[in-house]
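The following report describes a single protein chain, moving from its overall make-up to selected local features.

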Amino acid sequence: MRAIYLLLLTGIGSMMANAQNNTAYSSAPVKTTKEANLTVSGVFSSSLNFQSFIQDYYNSINTEAIGNRAEQKENEDEDMTVIEPVTGSGDRSDRNTGTLIVCPAITSYPFTETFEAASATRTCWINEFVTGSLNWIYAAGAGGGGSTTTAHGGALNATFYEGDYETENVTKLVSPPFNLSSLSGGAQLRFWAVNELWEPDQDILRVYYKTSAAGSWNLLSGDITNISNWTEYTFTLPATSNDYYIAFESTEKFGHGVAIDDVIVEALPSCFPPIGLAIIATGQSTAHLSWTAPTTAPSAGYEWKIVLAGQGSGGAAQASGSTGAGVVTANATGLNPGTSYDLYVRSHCGGADYSLWTGPKNYKLYDDAPGAITLTVGAGCTGADFTNAGATKSNLEVYPSCSGAAIAPVWFRFVAPASGAVRVSTDTLAGTFIDSKLGLFSIPTPAEVTDYSKFTIISCDDDGGTALGFGFMGMLYATGLTPGTTYYIAVDKFTGSTISGTFCIAVDELNASMIAPANTCADLYQQPVGSNTYTGWVPLMNIDSKLVAMVQNSAGGEADEYTVSQNINNAAVRQDAVSKEYYLDRSFLINNSAAAANVNVQFFFLNRELTALHDVDAAAALSSLRVTRQTGSACQADFAAANGVNTDLTQTGNGTVNGVSWIKAITPGFSNFYIHSAKSPLIVKTFLQGAYSSALGRHKDVTTTWRNILNANALSQPYNTAAFGNYNGGETVPAGFFTSDAANALDILDWVLLEVKDGANVLVARRAALLREDGKIVDVTGDTLVTFNGLGSGNYYLTIRHRNHLGISVENLLPLTAKALGVAPPTSTYDFDFTTATDAAIFGTSVAYKIVGTKNVMICGNANGNNNVRYANLNNDPGAILVSLGGIVTAVVSNIYSQYDVNMDGIVRYANLNNDPGFLLSNALGGTVTLVLTEQKR
């Protein structure tokens with residue numbers, strides 16, 4: 001549709017011109033008497049062509065030869081009255097119709113256009129259509145549903161928005177002409193703009209200039225995009241002339257709309273303002289400021305000020321200062337966490353001459369980690385106390401990297417409680433910010449808080465909360481934090497199009513209310529959100545944000561590849577029919593669509609469930625729990641050996657607080673997981689020289705006397721003495737436990753102490769056990785395999801120690817296999833048999849043990865509990881025996897359970913028949929009084 005324009009010029013003359021198709025308007029109009037009127041009407045294809053017609057006329061009457069300058073001045077003062085185009089913010093159907101004003105060139109500077117209704121020059125701006133016929137209009141904000149809904153200054157700004165996804169309109173908003181000849185030192189353009197991304201859609205703003213009405217447009221700026229808040233731009237105007245035009249061209253691409261406001265054309269300052277303002281917190285009330293010098297640096301340095309946000313460069317300084325020439329950094333103090341500030345910096349040109357202020361650079365102290373707001377663990381959430389409005393991403397700033405990209409993190413910090421286990425949550429109904437992601441970070445030392453390269457992400461969540469429904473606010477869990485250490489939390493927006501706002505955040509110590517009291521395989525569970533390669537912990541939760549488990553792939557993986565479910569048994573504690581092991585009433589299914597391997601897993605459960613397991617299995621302490629992994633992708637209500645392949649996972653850590661406990665393990669893959677007490681069975685055999693019978697080829701039969709001695713004195717393990725490291729194990733047997741049955745070789749002879757070391761010869765487990773007549777070591781039940789609770793599958797060194805014999809160890813690492821559910825325990829094959837082992841298989845030299853007949857035996861006679869057996873000289877064992885008898889050579893103590901009873905007959909005697917020193921000399925030392933045998937054990 002063509003626009004119809006009406007122009008009334010008073011006091012010039014009268015003529016008519018047909019302007020159909022821009023071709024039939026007359027040549028230079030004829031100047032007539034002052035009292036006459038000129039009326040021009042016609043149809044033009046564009047408002048700019050109509051302006052060209054009028055401008056030609058205006059130029060002609062001001063350049064035509066006239067008699068004297070007084071007459072010329074009279075002509076320049078002639079009144080021009082023109083009706084403005086219809087460009088309102090209401091019904092857009094009239095955008096292409098109306099009447100047009102043509103203004104004389106602007107000659108007074110600085111020139112400011114506010115686009116307010118009262119602006120005397122707003123009517124001088126015209127639309128030039130490039131594609132389509134969409135006008136710029138005057139309204140408040142960008143008009144496209146984004147976060148900018150008000151003008152930068154005043155009530156109105158110029159905006160370009162349609163919102164039609166099927167069309168693409170391109171229109172220039174053209175300024176009135178500028179006569180810049182008086183600005184001999186050059187001119188510059190300043191303006192404020194908004195062009196917010198509506199991901200993935202983005203409108204485009206460009207700035208053009210031309211040096212005459214008939215000239216071609218030249219690009220002044222690149223694409224101005226992705227501006228979510230009012231931002232000021234400054235450009236030097238090239239090739240100034242006395243007929244200069246500026247145009248703001250917007251391309252409508254279904255974004256949130258383009259808006260410009262407070263356009264200023266002015267003289268170039270004598271020195272230029274700095275650029276690239278940056279501010280980063282260095283503490284709770286301090287910040288480091290920096291900027292980049294202009295191309296020509298000022299000779300006298302810079303001046304800076306920090307004002308409350310929105311007050312502009314004229315606002316009262318909350319902090320201020322100046323720097324010398326070449327110094328482009330400063331430090332601010334006395335700032336308040338949570339307060340929104342604007343930073344301004346200007347160049348000092350010399351004397352009283354300054355450039356324009358550069359800014360604002362909006363900032364809150366908690367926009368960067370060093371200014372993080374301190375949260376108190378357990379203080380809860382009482383309202384929407386915080387905001388991320390105006391937050392930006394600093395250079396290299398880290399973010400919750402389990403999901404998306406860094407948008408505009410804000411920071412908080414807290415001191416880890418004694419348990420090191422917390423929940424961090426923004427999941428409340430308070431506030432206007434409704435789509436967060438959270439990241440929890442550690443740093444090596446407090447001094448490194450200003451270096452984002454030193455931050456390590458611990459845990460991360462996007463959309464784990466449920467207060468607003470799944471898919472909005474974040475909630476993360478973490479354990480293993482170092483008590484008393486400060487940790488940092490980044491709260492970021494989901495995407496760049498997420499609207500900023502107010503929110504609440506709370507850090508609480510993990511407690512039982514955060515663990516689901518009841519779940520079944522059929523219940524609903526959350527699938528984590530996030531598609532980045534991420535190496536921290538991922539919380540796995542049920543639909544109510546209750547914690548089920550946590551996973552960590554240190555090799556990196558996608559957070560959204562995990563799914564979880566679980567079954568909680570409310571009946572009697574469950575027992576596996578094959579292994580006869582009891583297992584926890586809470587079991588887990590975790591799957592991973594990428595089949596990740598060697599992933600760290602934490603399983604969470606209530607303490608009352610562990611108590612119930614311990615009631616039926618005394619070995620079920622937190623530190624001794626293990627995990628059976630059973631292959632299969634379907635959640636199983638209970639364990640059954642036939643449901644998959646069963647393997648044992650070793651516990652790698654644990655913790656407990658406030659009625660909830662957890663254990664950690666490393667899994668080679670994902671499937672069902674069941675928790676039970678860890679038991680690595682061991683079948684081992686040894687003989688004690690003091691109780692060995694050559695005739696029987698084993699230990700002598702337990703007599704009724706020896707049985708009674710044991711029942712009276714040995715119901716508890718005897719190794720809680722200094723000689724054995726004060727071992728404090730609780731192994732006991734009930735009253736009357738020991739027997740003496742001549743019909744078999746299964747009677748218990750004595751207690752022994754077993755020690756297990758890893759490949760680095762570090763003690764990892766030890767326990768007391770029972771030694772039978774046949775040499776087999778058994779558990780305190782007397783008829784089952786001895787097991788090491790909490791010992792994982794692996795290769796270990798084994799040592800057997802006795803209260804008055806020298807210890808004995810294996811030479812080579814011994815493989816032990818922890819027992820998984822669904823696997824029947826071994827029954828007969830020995831893991832190691834010291835009685836028949838070759839010399840190469842026993843640690844030390846050949847004198848580390850004795851051979852009696854065809855059997856190896858542990859060396860007797862260590863009555864004084866040191867590491868050797870000797871008959872004479874200092875610290876000899878017969879002397880210790882005599883001392884135990886009060887120094888009376890002929891004394892005899894009967895029915896005694898004593899380390900001085902070397903031959904283990906229940907009697908301690910120094911002299912006469914069957915005396916203990918004589919047994920020591922003849923059996924251990926082979927009759928050589930001066931021989932010393934030193935214990936050879938690991």
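**The chain as a whole**

The structure is a predicted model, and every value in this report should be read with that in mind. The chain has six helices and 64 strands, and of its 938 residues 53% count as buried. Among the contacts that join residues at least 6 apart in sequence, 70% are between residues at least 24 apart. The accessible surface of the chain amounts to about 36,800 Å², and carbon and sulfur atoms account for 52% of that surface.

**Salt bridges**

| Glu303 | Arg346 | 2.7 Å |

In the salt bridge between Glu303 and Arg346, the closest N and O atoms are 2.7 Å apart. Because Glu303 belongs to strand E17 (residues 302–308) and Arg346 to strand E20 (residues 340–350), the pair ties together parts that are 43 residues apart in sequence. Glu303 counts as partly exposed at 22% relative accessibility, whereas Arg346, at 19%, counts as buried.

With a relative accessible area of 18%, Asp508 is buried, while Arg423 counts as partly exposed at 21% relative accessibility.

Elsewhere, salt bridges that share partners join Lys172, Arg206, Asp223 and Glu249 into one network.

**Helix H3**

Why can the buried residues of H3 be assigned to the same side of the helix? The residues concerned in helix H3 (residues 607–616) are Glu609, Leu610 and Leu613. They are on the same side of H3 because they cover an arc of only 100° around the axis. The face of H3 turned away from this buried side carries the exposed residues Arg608 and Asp615. The buried residues of H3 pack against several strands, including E37 (562–568), E40 (586–592), E41 (599–606) and E42 (625–630); E39 and E46 (672–677) are also among the elements they pack against.

**Helix H5**

Helix H5 (residues 877–884) has Asp877, Pro878, Ala880, Ile881 and Leu882 as buried residues. Their cover includes strand E61 (868–870), strand E63 (907–909) and helix H6 (916–924). The N-terminal end of H5 is capped by Asn876, a side-chain oxygen of which lies 2.6 Å from the backbone nitrogen of Gly879. Just after H5, Gly886 takes a positive phi of about 75°.

**A nonpolar surface patch**

On the surface, Leu429, Ile434, Leu468 and Phe472 form a nonpolar patch, and together they have about 350 Å² of accessible area. One of these residues, Ile434, lies in the loop between E26 and strand E27 (436–442), and at 41% relative accessibility Ile434 counts as partly exposed.

**Val578 in its loop**

Val578 is placed in the loop between strand E38 (574–575) and strand E39 (582–583). With a relative accessible area of 36%, Val578 is partly exposed. When residues up to four places away in sequence are not counted, Val578 touches Ala641, Gly822, Val823 and Ala824. Val578 and Ala641 are 63 residues apart along the chain, and their C-alpha atoms are separated by 7.3 Å.

Notes
Residues are numbered from 1 along each chain as its sequence is written. This is a predicted model: local features need pLDDT of at least 70, side-chain atom pairs count only at pLDDT 80 or more; totals for chains, interfaces and linings use all residues. Side-chain values use heavy atoms; hydrogens and water are left out. Helices (H or I, at least four residues) and strands (E, at least two) are DSSP runs, numbered from the N terminus. Buried means under 20% relative accessible area, exposed over 50%, partly exposed in between (1.4 Å probe, protein chains only). Contact means heavy atoms within 4.5 Å. The arc is that of the directions from the helix axis to the C-beta atoms. A salt bridge is a side-chain nitrogen of Lys or Arg within 4 Å of a carboxyl oxygen of Asp or Glu. A polar contact is a pair of N or O atoms within 3.5 Å; within protein, one must be able to donate a hydrogen and the other to accept it, and residues adjacent in sequence count only if both atoms are side-chain atoms. Patches are made of residues with over 30% relative accessible area and no salt bridge: like charges are joined within 9 Å, nonpolar side chains (Val, Leu, Ile, Met, Phe, Trp, Tyr) within 5 Å. Accessible areas come from the Shrake-Rupley method with a 1.4 Å probe; for residues, only the protein chains shown count as cover.
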